[in-house]
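The exercises below ask you to work through a structure step by step, with a solution after each task.

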Amino acid sequence: MSWRTAALVLVLAIMAGVGIGWAGAGWDGGNRLTVGNTGDGLSTLIRVDGRTVVVGGSEWQDELTEFVDRSTLPWQRYVHLLVVPAAEDRLALGALTLVERGDVGSVAVLGTPGEAPVWTRLERAARDHGIEHRYLTGTQRISLGNNGEILLAVGSGPNKDLDSYAVFLRYGDVRVLIAHGGRAGADTARAWLPVGGEIAAVVQVGDDAASPSQRAAVLLRPRPQHTGDVAEDPPQVRYVAEIDRGARLTVDLGPNSLRLPLDLLTPVAQATSPTGR
């Protein structure tokens, strides 16, 4: 083979590689919701219109970062918004590792954290990497493109459970509630929930808290960690999916419905198919 032929083969190989890269980058994996058990409850990754929002944390240093990496393609690792609940100090450790990697655009701490040093470390790491960091009390609405938005809400007021919080996702007609604090968690986003209606899904963050009171087609919750612990089936939902530690469940998100594997769902009351919005 002459040097000219060899050079031509090399150029074609490089062009083919670039073409594959462009083709791969065009595949985004679709709009989706991935819920994973990161050791001390459920963390959620929301991917809508090219934006990534992560809600949660982990008590182990690398567990949240591993969840993000397993739930995204290599070119999707940038987290536009990381939402860290202040209700549990130990959740901040996993969030800290993700922030220290630098692939985060903004950090929102839900509520007022305690005095554990990890919160100071989290704020300092965000500052060192040029990442916006803020503490949120009350409510805030954030746009996720033309067809989606999320509401961040924290319990407040003299009669509220200050450990309660909620993240409410609306994508088209589909509504998903991520809540901590049982009924109080759902109440923090009450103004955004349909009156007397059913939403598509509720993510119950912890296994030691009461289920949110909101009616939903599907409830996602951690599987109880201790042998003999049996979580009660809430009457206000029709299907339940329990997620083991280290496992995750991906839900395809459409503007009018969500799709998830039926073999992972346990019927609670009715046997009708989920049609929640």
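**Exercise 1.** Decide whether Val-35 is buried or exposed, and describe its surroundings in this predicted model.

*Solution.* Begin with accessibility: Val-35 has a relative accessibility of 0%, and because buried means under 20%, Val-35 counts as buried. Next, place Val-35 in the chain, where it belongs to strand S1, which covers residues 32-37. Then list its contacts, leaving out residues up to four places away in sequence: Val-35 touches Leu-42, Ser-43, Thr-44, Phe-67, Val-203, Leu-220, Ile-243, Ala-247, Arg-248 and Leu-249. Finally, take one of these residues, Leu-249, which is 214 residues from Val-35 in sequence, although the two C-alpha atoms are 5.3 Å apart in space.

**Exercise 2.** Find out which strands pair with S12, and in what sense.

*Solution.* Strand S12 spans residues 216-222, and seven of its seven residues are buried, so that the strand is mostly covered. With strand S11 (residues 199-204), S12 is joined by four bridges, and the two run parallel; here Ala-201 stands opposite Val-218 of S12. With strand S13 (residues 237-243), S12 pairs over six bridges, again in the parallel sense, and Ala-216 has Val-237 of S13 as its bridge partner.

**Exercise 3.** Give the order of the strands in the open sheet of eight strands, and say which helices pack on it.

*Solution.* The order is S6-S5-S4-S3-S2-S1-S14-S15, and the pairing is mixed. At the edges are S6 and strand S15 (258-259), each of which pairs on one side only. Within this sheet, S4 and S5 pair in the parallel sense over four bridges, with Leu-82 opposite Val-107 of S5. Helix H3 packs on the sheet and touches S4 and S5, its direction making about 160 degrees with that of S4. Helix H4 also packs on the sheet, touching S4, S5 and S6, and its direction makes about 140 degrees with that of S6.

**Exercise 4.** Identify the residues with the most contacts inside the largest nonpolar core.

*Solution.* In soluble globular proteins, nonpolar side chains tend to be buried together. The largest nonpolar core here has 40 residues, and those with the most contacts inside it are Ile-46, Ile-150 and Leu-152. Strand S9 (residues 165-171) supplies the largest share of this core, with four residues. Apart from this core lies another, of 23 residues, including Leu-96, Val-104, Leu-122 and Ala-126.

How values were computed: Residues numbered from 1 in each chain as written. Predicted model: local features only at pLDDT ≥ 70, side-chain atom pairs only at ≥ 80, totals over all residues. Heavy atoms only, no water. Buried < 20%, exposed > 50% of the residue type's maximum accessible area, 1.4 Å probe, protein only. Contact = heavy atoms within 4.5 Å. Pairing = 2+ DSSP bridges. Axes fitted to C-alpha atoms, helices over the stretch in contact; angles between N-to-C directions. Core = buried A, V, L, I, M, F, W, Y, C linked by side-chain atoms within 4.5 Å.
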